[in-house]
Structures are given as structure tokens and as C-alpha cells.
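Here is a short report on charged side-chain pairs.

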Amino acid sequence: MIEMQDVWKTYTDGSHALRGVSVRIEKDEFVYLVGPSGAGKSTFMKLIYREEVPTKGQISVNGFNIGKLKHRKIPFVRRNIGVIFQDFRLLPKMTVYENVAFAMEVIEAPKKVIKRRVPEVLELVGLKHKVNSLPAQLSGGEQQRIAIARAIVNNPSVIVADEPTGNLDPETSWGIMKLLEEINYRGTTIVMATHNKDIVNTIRRRVIAIEHGHIVRDVVRGDYGYDN
Ligand SMILES: Nc1ncnc2c1ncn2[C@@H]1O[C@H](COP(=O)(O)OP(=O)(O)OP(=O)(O)O)[C@@H](O)[C@H]1O
Ligand SMILES: [Mg+2]
């Protein structure tokens, strides 16, 4: 469960990215974050995975007050949150297997567990046959599937996806959405920022719209609500 109470984020240069956001997202939810460029969507997500801390207000993820977290506790909370980016961010010199295994090594998972788990998630994303490929040898959609495998490998309770289909063609995007729906169906909360009108209007889920750092709309089975 994610909860924000009157969260403000002002960056050091004075930009007010969020201005008093209060919201509650339950465990089984799939939430789209929509809104114009610069509205505060990425900031909202960075606060969830503790890339940034709020200037004011409280944010809790699974009961942890993440703005006030002691440094030694950060890795513990982060392993419970998988992050997916528009530009995939795979490590270019590592194979597919190594990219996914690395996410388990950093949390010091036992070797035996890594060996069993990595093929399992690669199977789930349909890319078991690419274990030995390098990211540059994969298509964009395949790279995003690997990034998703990496995000879910430690069984996080929350997935934060910042425009995960932003660099992909429509058909590949639908494939990525199917995968995210499946992951949500298995019990993982998903918060996804997107500018993809077709996706939001077709796969209907909760829509939270942010404008100028405020939540201006929050609808259970909402639509995209903007022209593009
Ligand atoms: N690191 C930063 N330092 C200063 N200002 C920032 C920083 N990151 C974001 N901002 C500012 O905060 C505001 C919100 O940015 P944010 O990246 O959250 O928007 P967004 O909704 O994700 O936009 P987009 O749809 O273009 O990705 C913008 O005005 C932006 O310029
Ligand atoms: Mg953004």
C-alpha cells in the first residue's frame, strides 16, 4: 500500500514539482498517472522509490515512512519496489542473464536461488532463449521485457513504470501492457506514468491526473482525458 499525505516537492532550484498531493493506492491496484509534460508524474514516482525525498508531507510504502528512512534501511525498502524506465537502462556489457541476476546479487540472494529464479522470470517475459544475448542484440521491446524481468525478479510488492512504452511501437507496447497486467494480476501494485491515450482508453484502470503538481482527477476506470 502506498500513501501520500500532503506531499510537496520543491527541487533545489526552486521548481515546485508537487504541491500538496494526498493519495492512497491499494495493494491490488493498477494506476495510470497522466498529465502534461512537467506536471510532476516522474517526481511522484521518484518519491515512491526514494530517488527523491519530499520537501514536506509524508509518504509511506508498505507501512514504511520513506521520507524519513534511515540510510541503512533504504536497500531493504528498495528491494520491494521494481522500477521500469522508458529507456530500459540495461547494463550494456552484461548478458541478459547477467542483467537480471545482478538485481539479485545486489540484495545478496544466494547463488542457488539466483540460478533457479532468473530462468523462471525470463520464461515469464518470453525471452528464455535470449539468456546469452547482449542488450544491443535485442529489439526495443525485447530490452523492455528484460527490464521488466529485472524489475520483478526479487518479487517486489510495487512496480513503478515511468512511460514504459514511450520508446516502443504500438504493437510492441500492447505486448508490454499484457505483461504488466499479468504481473498486476499476480498481486503486484503497478503505478505507470504514460502519455499513451490508446492504452489508457482501452485497458481501463484507475487514472490519476496531475497538473502543475496537483492531483486534478482521480477516477476508478477513467479515460486519458487529453487530446494527445
Ligand atoms: N532534478 C530536478 N531539478 C529541478 N527541477 C526538476 C527536477 N526534476 C524535475 N524538475 C521539475 O519539476 C517539474 C515536474 O517534473 P517531472 O519530471 O516530475 O514531470 P513529468 O510529469 O514527469 O513530465 P514528463 O511528462 O515530461 O515526463 C518540472 O517543472 C521539472 O522541470
Ligand atoms: Mg516524466
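## Glu52 and Lys9

Glu52 is partly exposed, at 22% relative accessible area. This is a predicted model. The side chain of Glu52 forms a salt bridge with that of Lys9, at 3.4 Å from N to O. The two residues come from distant parts of the chain, 43 residues apart. Glu52 sits in the loop between α1 (41-48) and β4 (56-61), while Lys9 belongs to strand β1 (residues 2-10).

Lys9 has a relative accessibility of 7%. The cut-off for buried is under 20%, so Lys9 counts as buried.

## A pair within helix α4

Arg117 and Glu120 share helix α4 (residues 111-124). They are three residues apart, about one turn of the helix. Their side chains meet in a salt bridge of 2.8 Å, N to O.

Arg117 is buried, with 14% relative accessibility. Glu120 is partly exposed, at 42%.

## Strands β9 and β10

Arg206 and Asp218 also form a salt bridge, at 2.8 Å from N to O. This pair links distant parts of the chain, 12 residues apart. Arg206 lies in strand β9 (residues 206-211), and Asp218 in strand β10 (residues 214-219).

Arg206 is buried at 12% relative accessibility. Asp218 is partly exposed at 39%. A network of salt bridges joins Arg206 and Asp218 with Glu29.

## Whole structure

How many salt bridges does a search of the whole structure find? The count is 12. Among them are Glu52 with Lys9, Arg117 with Glu120, and Arg206 with Asp218.

Terms used. Residues are numbered from 1 along each chain as its sequence is written. Chains are lettered from A and ligands numbered from 1 in the order in which they are written. This is a predicted model: local features need pLDDT of at least 70, side-chain atom pairs count only at pLDDT 80 or more; totals for chains, interfaces and linings use all residues. Side-chain values use heavy atoms; hydrogens and water are left out. A salt bridge is a side-chain nitrogen of Lys or Arg within 4 Å of a carboxyl oxygen of Asp or Glu. Helices (H or I, at least four residues) and strands (E, at least two) are DSSP runs, numbered from the N terminus. Buried means under 20% relative accessible area, exposed over 50%, partly exposed in between (1.4 Å probe, protein chains only).
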